[in-house]
Amino acid sequence: MTNKPVGSNNQMESDVYYPSPEVVAAAHVKEYETLYKRSLEDPEGFWGERAEELEWFQKWDKVLDDSDAPFFKWFVGGKTNIVHNAIDRHLKTYRKNKLALIWAGEPGDVRTFSYFALNRNVSKFANVLKSMGVKKGDIVTIYLPRLPEQVIAMLACAKIGAAHSVVYGGFSVEALAERIEDAQSRVLITADGGWLRGKIVHLKDIADEAMARQPTVETCIVVRRTGQEIYMEAGRDYWYDDLMSLPIASPICETEPMDAEDMLFILYTSGTTGRPKGVVHTHGGYMVYTYTTLKYVFDIKDEDRWWCAADPGWITGHSYIVYSPLINGATSFMYEGAPTHPYPNRWWQMIEKYGITILYTAPTAIRGLMRFGDAWPNRHNLGSLRLLGTVGEPINPEAWKWYHTVIGKERCPIMDTWWQTETGGFMITPLPITPLKPGSATRPFFGIDVDVVNDDGQPVPPGEEGYLVVKTPWPGMLRTIYKDPDRYREQYWSKFGTMYQTGDSARKDEDGYVWVIGRMDDVIKVSGYRLGTAEVESALVSHPDVSEAAAIGLPHELKGNAIHAYVILRAGVEGSEKLAETLRQHVAHEMGPIAKPETITFVDGLPKTRSGKIMRRLLKARALGLPEGDTSTLEQ
């Protein structure tokens, strides 16, 4: 990639990185504007053509039914099953023997699955689930570490028409029990444990306590991973490998034809208060949307080795570890453990060993690895990489540039994707052909009409901050909140009526690039000025001594709010009053005196969700001595 400075008043927007001619020549999409314009003018034609690339048991009568907005329906009357497109159709081609999944365990064990082998395992487990009484329309709760069995269980549920509710394997007893209760699951799939940072995570103990609170679970299937002694209740608990060796686990299982609007899965997302929301996604629209976004944004080719370093327990893992890579016929890599175990070069070692061509991860992981310096990645040949990606929160320009220079060797465009659990797939994202500005998610994906508006729903001028909204429906969107349609309408559609409210603030620049600032509650108003926490944090991280930062606003008599910052320093740097003052002046220099933090506290770690987002509201609650609210997503 080449970089060219452009004139701008905003330091964040001072660089543009242009893709190389080789990258552009190889891309699936070679021109954005014409196709984007067409996708907005004729969304039904555009999405109908994308859907035609996949297989359907019965073609749809209508691409979009908006008669009961905001309860939109896509591919109405169509019959399919996401597993048919993720596995079955590949078995009729050369992909039958292609690797679908390469899995590495934290202790060093490796397993691989061709599409043929994956199908065999999914079919066997689907028959096991049937023998346990699971039928079309049931919801199965999955509580597993990052194992192939997690992927197999999800696909087996979908294959027989049951919905899955995956609960991330680091969640607490309370979070798991709540999700089992809401879904009324009769079957739970878990493991004896998992490996993380060289230690065993005791999943079965947590599952036992959750089942004691929620008697709906009749059957618990346990994957043998760590081998430690665990409690197994007779008549309820069964070993996965024992069941898979029984005659009930036939390797032949028909894929259930599903209506396009039948529920594929529920994924619970926590609010700051109240019960977690069960976001509902369906077979047809979600399938078409995730398939298309991965194909175009990451330019998936047959020879690629794709690594989405998320967990299947999050929407990133559902969409971009499990479903869309398989629908695209890709080879995925999956790793069980922590990026720094046993040393900070674990990821770079695996990229070299397995020839990974595309890495997709979170800014928090990049910042965490950046902290250990350039020497660790420079020990390895990362020449197989051709594209990089980020997800989860806005990436600060300093981390973007490190990722681009040290990991991508200035060759690999960075696909900085903005999207949500609710959206099903990428919404604002570059393509490999897009000129990049560090820190911006760039332009909307095809068919996505986004805007930045004020309280009255009117577009704001370039450079001005407002509410990020989506003005038209898209196939991957959530259909409702499970058992709570009123909450769905209230949460996402009440403020602007026909526009989907994302809950994020953003601004557009003169080129139409979108800069996502953060959640609306991550904006601090200081003396009448609205400052995004992400912007303050980026200013802090741009100082060479700072590895990571979190900014919060606390009440102030004169200013209304004052900024308080928490800073993690790079390895070998000591915190001091002098350094704190230097950092305060650095922020003032980067952003103006109004943004200067009132206090800077040096810390060893920050409270984060298990998907890597900093929990600023928790820092604020602790600073003010208030209750911490729902902490079910907090990393332990």
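Where is the place of Pro342? You will find Pro342 in the loop between β19 (331-335) and α12 (346-354), and the legends below visit this loop and several others.

This is a predicted model, in which local features need pLDDT of at least 70 and side-chain atom pairs count only at pLDDT 80 or more, while totals for chains, interfaces and linings use all residues. Residues are numbered from 1 along each chain as its sequence is written, and side-chain values use heavy atoms, with hydrogens and water left out.

**Figure 1. The whole protein, before we zoom in.**
The protein has 19 helices and 32 strands; these are DSSP runs numbered from the N terminus, with helices (H or I) of at least four residues and strands (E) of at least two. Its radius of gyration is 24 Å, close to the 26 Å that the globule rule gives for 636 residues, so the protein is as compact as a globular protein of that length. Here the radius is taken over C-alpha atoms, and the rule is 2.2 Å times the number of residues to the power 0.38. Along the principal axes, the C-alpha atoms fill a box of roughly 70 × 55 × 50 Å. Of the 636 residues, 62% are buried; buried means under 20% relative accessible area, exposed means over 50%, and partly exposed lies in between (1.4 Å probe, protein chains only). Now think about contacts, meaning heavy atoms within 4.5 Å. Among contacts between residues at least 6 apart in sequence, 70% join residues at least 24 apart.

Ala69 and Pro70 are joined by a cis peptide bond, with omega about 5°. Look for Pro70 in the loop between β3 (62-65) and β4 (73-76). A cis peptide bond also joins His341 and Pro342, and there omega is about 0°.

**Figure 2. Helix α11, wrapped by its surroundings.**
How many of the 13 residues of helix α11 are buried? The count is 13 of the 13 in α11 (residues 315-327), so this helix is largely enclosed by the rest of the structure. After α11 comes Gly329, whose phi is positive, near 70°.

**Figure 3. Helix α13 and what covers it.**
Seven of the eight residues of helix α13 (residues 363-370) are buried, which leaves the helix mostly covered. Among the buried ones are Pro363, Ile366 and Met370. The cover over the buried residues of α13 includes α12, β20, β21 (387-390), α15, α17 (533-541) and β30 (546-556).

**Figure 4. Thr357, a buried loop residue.**
Thr357 sits in the loop between α12 and β20 (358-361). Is Thr357 buried or exposed? With a relative accessible area of 12%, Thr357 is buried. Not counting residues up to four places away in sequence, Thr357 touches Asp304, Arg305, Ser384, Leu385, Arg386 and Leu387.

Lys409 lies in the loop between α15 (397-407) and β22 (414-416). Although Lys409 is a residue other than glycine, its phi has a positive value near 50°. Lys409 counts as partly exposed, at 35% relative accessibility. Glu410 is found in the loop between α15 and β22. Glu410 is not a glycine, yet its phi is positive, about 65°. At 41% relative accessibility, Glu410 counts as partly exposed.

**Figure 5. Cysteines without disulfides.**
How many disulfides does the structure hold? There are zero, where a disulfide is a pair of cysteine sulfur atoms within 2.5 Å. Cys253 is buried, with a relative accessible area of 10%. Cys308 is in no disulfide, and the nearest cysteine sulfur, in Cys412, is 17 Å away. Cys308 is buried, with a relative accessible area of 3%.

**Figure 6. Pro459, in the loop between β23 and β24.**
Pro459 is found between β23 (450-453) and β24 (466-470). Leaving aside neighbours within four places in sequence, Pro459 is in contact with Asp451, Val452 and Val453. From C-alpha to C-alpha, Pro459 and Phe445 are 19 Å apart in space, and they are 14 residues apart in sequence.
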